[in-house]
Amino acid sequence: MVDKLIISPSILSADFANLERDVKLVENAGADWIHIDVMDGHFVPNITIGAPVVQSLRPVTKLPLDVHLMIENPDKYLESFANAGEDIITFHAEVVADVKQVIDQIKSFGLKAGISIKPKTPPEAIFEFLPYVDMVLVMTVEPGFGGQSFMQDCADKIPVIRQNAPESLIIQVDGGINAETAKICVDLGANSLVAGNYIYKAPDIKAAIESLRA
Ligand code: DX5
Ligand code: ZN
């Protein structure tokens, strides 16, 4: 298990006209990773950013870039994302026929691989892949938008995954994370938290990040 709780602010809630400023803002406030939500308007009803933006962000921060692909056919785009310079790519297990093949493809680029499950996907659906991934991302909202409310029943998947996973697995939670829901997730066995609105809309970003570790 990773010793430190990994806080990964989602730039979905940042000011897109000032991404460099907003990435540096959370880096200086103690963030561990930068979470980048990639949406295609098909897998989710929203469109955000693609590989060129990831590439532009690479030189502005020393932090690992944590790319969350909410797209159909992620295998088609892996190479362009890999070349953009992120450190970990997470894709949705629901959208690919051969999950193991996509994991292997991500690893062949020298990157860490993560798989994510939506609220209605049971944890058992990914048990067979747990030995091969670096991270599982448990969605605690329906993917697509920031600022939604945390779904407790999704968080209840965390211990089920933890019990069936190698010790080194990172379990990340994404959606509706604030100081209160962060504690629930960490107590259930999560060791990485994504937060968009809670961090970027906070009057004091450093205090908001610290409150997630409390
Ligand atoms: C939602 C995204 C999240 C989103 C979280 O589909 O995957 O990363 O930015 O936003 P908050 O923390 O505001 O719920
Ligand atoms: Zn995300």
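1. A polar contact here is a pair of N or O atoms within 3.5 Å; within protein, one must be able to donate a hydrogen and the other to accept it, and residues adjacent in sequence count only if both atoms are side-chain atoms. An oxygen atom of ligand 1 lies 2.7 Å from a polar backbone atom of glycine 196. Glycine 144 likewise has a polar backbone atom 2.7 Å from an oxygen atom of ligand 1. For serine 10, an N or O atom of the side chain is 2.8 Å from an oxygen atom of the ligand.

2. The model is predicted: local features need pLDDT of at least 70, and side-chain atom pairs count only at pLDDT 80 or more, while totals for chains, interfaces and linings use all residues. Residues are numbered from 1 along each chain as its sequence is written, ligands are numbered from 1 in the order in which they are written, and side-chain values use heavy atoms, without hydrogens and water.

3. The zinc ion (ligand 2) is coordinated by His35 (NE2), Asp37 (OD), His68 (ND1) and Asp174 (OD), at 2.0 to 2.3 Å; donors are N, O and S atoms within 2.8 Å of the metal (3.2 Å for Na, K and Ca), with water not among the atoms, so sites may look incomplete. Along the chain, the donors follow the spacing H-x1-D-x30-H-x105-D.

4. Aspartate 37 is buried, at 5% relative accessibility, and histidine 68 is buried at 0%. Buried means under 20% relative accessible area, exposed over 50%, and partly exposed in between (1.4 Å probe, protein chains only).
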